Amino acid sequence: MSSSTIDCAPYQEELLDLASTLPKVPRADLYAFFEDSKRLAERLPRELREGLDEFNAHGNADGYLLLRGLPVEPDDELPRTPESSPPPEDRRLLNMEAMLSIVGGRLGLLTAYDQGYGNRRSITVLHELYPAREAHRLSGGTSKTQLEFHTDLSHHARQPNYIILSCSRGDHEGKAATLVGSIRKALPLLSDDVRKHLFDRVFTRGFDAADPEAIARVKPLYGDKDDPYVSFNRSFLTAETPEDIAALDALSAALTAATEAVLLTRGDLLIIDNFRVAHGRAPFTARWDGKDRWLHRAYVRTDRNGQLTGGERAGDIVSFTPRR
Ligand SMILES: O=C(O)CCC(=O)C(=O)O
Ligand SMILES: [Fe+2]
C-alpha cells in the first residue's frame with residue numbers, strides 16, 4: 001500500500017467498540033452525535049490518529065488519505081441503497097457513518113453548507129451518494145457519464161478543507177473509481193507561462209444555472225507560488241481570452257496526467273484535500289437492485305484557509321457567501 005493508504009483491518013474490533021458508544025439514531029440530535037464523535041476521535045488507534053494528524057498538518061503529494069478495511073456491516077445487514085434523500089430521520093446509525101463522523105471529528109468541524117441555490121436542496125452535514133436515475137451531469141448522482149474534475153464548493157467563501165467519502169457499497173463492476181488529480185503532482189507539468197497566467201488570475205464562476213447573476217470569483221491557482229492551492233471547475237469557469245482557454249486546458253491536462261483512480265469498495269474511507277486536488281468519478285452502470293454504489297459524504301472545516309472565525313460547532317450550517 002502507498003503511504004496515502006492506511007490498512008485499518010487490524011483495528012476493526014477496536015473501532016466497532018468505539019462506534020458502539022455513539023447514539024444509535026444520529027439524526028435525532030446531530031449536534032450531540034458530532035460532539036460524541038469528536039470525543040471518541042481522541043481514542044482512535046494511535047496509527048490512525050497520527051496518520052490523520054500528519055495529513056491535516058502537511059497534506060501529501062497524492063492529495064488524499066485512504067483508510068481501508070474499516071468495519072462495515074455484512075452486506076445483507078445493510079438497508080437497500082437509497083434512491084432518494086434525505087434518509088429517514090430515524091434511520092439507525094450505519095458503521096460507515098460512524099467512521100466518517102469519528103474521522104471528521106479528528107480532522108476538524110463537520111459542517112453543513114448552504115450552497116447558494118436557495119432551498120432547492122436539503123442542507124445537511126451527512127450526505128448520501130448513490131446513482132440517481134435523472135441526475136444532472138455535474139452532480140454526484142451521475143453514473144452513466146464521467147463526473148468531470150471539480151473542486152467542491154469552490155464558489156463558497158468558506159470552501160471546506162476536506163471532503164470525506166465513506167463507502168457502504170462499491171459499484172457492482174468495480175468501475176466507479178474516484179479520480180483524484182493532485183496539484184502537487186500536476187504543478188511540475190505546467191510551463192512557467194501557464195503557471196504565471198493562472199496564478200491569482202480571477203475568473204468568474206457561475207454556480208446556478210437558473211440564475212445567471214449568481215457569480216463568484218475564483219482563482220485556479222493561488223497561495224504559495226511553489227506549493228499553490230488549486231480550484232478547478234472547467235465547465236463553470238468563464239474563460240475570456242485565448243490565453244485563458246489555453247492555460248485552463250493545460251491545467252486540465254496536467255491534473256489528468258497526475259490523476260490517481262481510487263476505487264472505493266465497502267469499508268473504505270477517502271479523505272480528499274479539497275484545496276489541493278480536483279476530483280471526479282469514472283462512469284459506471286447502476287442496476288437499481290438495492291445494491292448499487294452507496295457512499296456517505298461530509299465536509300470538514302479546519303482553522304486553515306480562513307474557514308473559522310471562532311465559536312463554531314460541528315453540525316453548524318454555514319450560510320452562503322460567494323467567493324470574491
Ligand atoms: O462519487 C464520487 O466518488 C465523488 C462524488 C463527488 O465528487 C461529489 O459528489 O462531489
Ligand atoms: Fe465532488
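His-296 is a residue of strand β15. This is a predicted model, and every value below was computed from it. At a relative accessibility of 3%, His-296 counts as buried, because buried means under 20%. Its side chain is in polar contact with the side chain of Ser-168, at 2.8 Å.

Which side chains place an N or O atom 2.7 Å or 3.0 Å from an oxygen atom of ligand 1? Thr-178 has a polar side-chain atom 2.7 Å from an oxygen atom of the ligand. For Arg-297, an N or O atom of the side chain is 2.7 Å from an oxygen atom of ligand 1. For His-279, the corresponding distance is 3.0 Å. On its own, ligand 1 has 290 Å² of accessible area, and the protein covers 96% of that area.

The next site is the iron ion, ligand 2. Which residues coordinate the iron ion? They are His-150 and His-279, each through NE2, and Asp-152 through OD, at 2.1 to 2.2 Å. Along the chain, the donors follow the spacing H-x1-D-x126-H. His-150 in strand β5 and His-279 in strand β14 are 129 residues apart, so this pair links distant parts of the chain. His-150 counts as buried because its relative accessibility is 14%, under the 20% cut-off. His-279 has a relative accessibility of 6%, so it counts as buried as well.

Is Arg-293 buried or exposed? Its relative accessibility is 6%, so Arg-293 counts as buried. Arg-293 and Gln-115 are 178 residues apart in sequence, and their C-alpha atoms are 24 Å apart in space. Trp-288 lies in the loop between β14 and β15. The phi angle of Trp-288 is near 60°, a positive value in a residue other than glycine.

Leu-153 also has a positive phi, near 55°, and is likewise a residue other than glycine. Leu-153 is in the loop between β5 and β6, where β6 spans residues 162–169. With a relative accessible area of 5%, Leu-153 is buried.

Another backbone feature is found at Pro-86. The peptide bond from Ser-85 to Pro-86 is cis, with omega near -10°. Pro-86 belongs to the loop between β2, residues 64–68, and helix α4.

Helix α4 covers residues 95–107, which makes 13 residues. From its first C-alpha to its last, α4 reaches 19 Å, close to the 18 Å expected at 1.5 Å a residue. How many residues of α4 are buried? The number is 12 of the 13, so the helix is largely enclosed by the rest of the structure. Among the buried residues of α4 are Asn-95, Met-96, Glu-97, Ala-98 and Met-99. Further along α4, the buried residues include Leu-100, Ser-101, Ile-102, Val-103, Gly-104, Gly-105 and Leu-107. In an α-helix there are 3.6 residues a turn, so residues three or four places apart point the same way.

The last stop is helix α7, residues 242–257, where Leu-248 is found. Leu-248 has a relative accessible area of 0%, so it is buried. Leu-248 and Val-194 are 54 residues apart along the chain, and their C-alpha atoms are separated by 8.4 Å.

Methods
Residues are numbered from 1 along each chain as its sequence is written. Chains are lettered from A and ligands numbered from 1 in the order in which they are written. This is a predicted model: local features need pLDDT of at least 70, side-chain atom pairs count only at pLDDT 80 or more; totals for chains, interfaces and linings use all residues. Side-chain values use heavy atoms; hydrogens and water are left out. A polar contact is a pair of N or O atoms within 3.5 Å; within protein, one must be able to donate a hydrogen and the other to accept it, and residues adjacent in sequence count only if both atoms are side-chain atoms. Accessible areas come from the Shrake-Rupley method with a 1.4 Å probe; for residues, only the protein chains shown count as cover. Donors are N, O and S atoms within 2.8 Å of the metal (3.2 Å for Na, K and Ca); water is not among the atoms, so sites may look incomplete. Helices (H or I, at least four residues) and strands (E, at least two) are DSSP runs, numbered from the N terminus. Buried means under 20% relative accessible area, exposed over 50%, partly exposed in between (1.4 Å probe, protein chains only). The expected span of a helix is 1.5 Å times one less than its number of residues.
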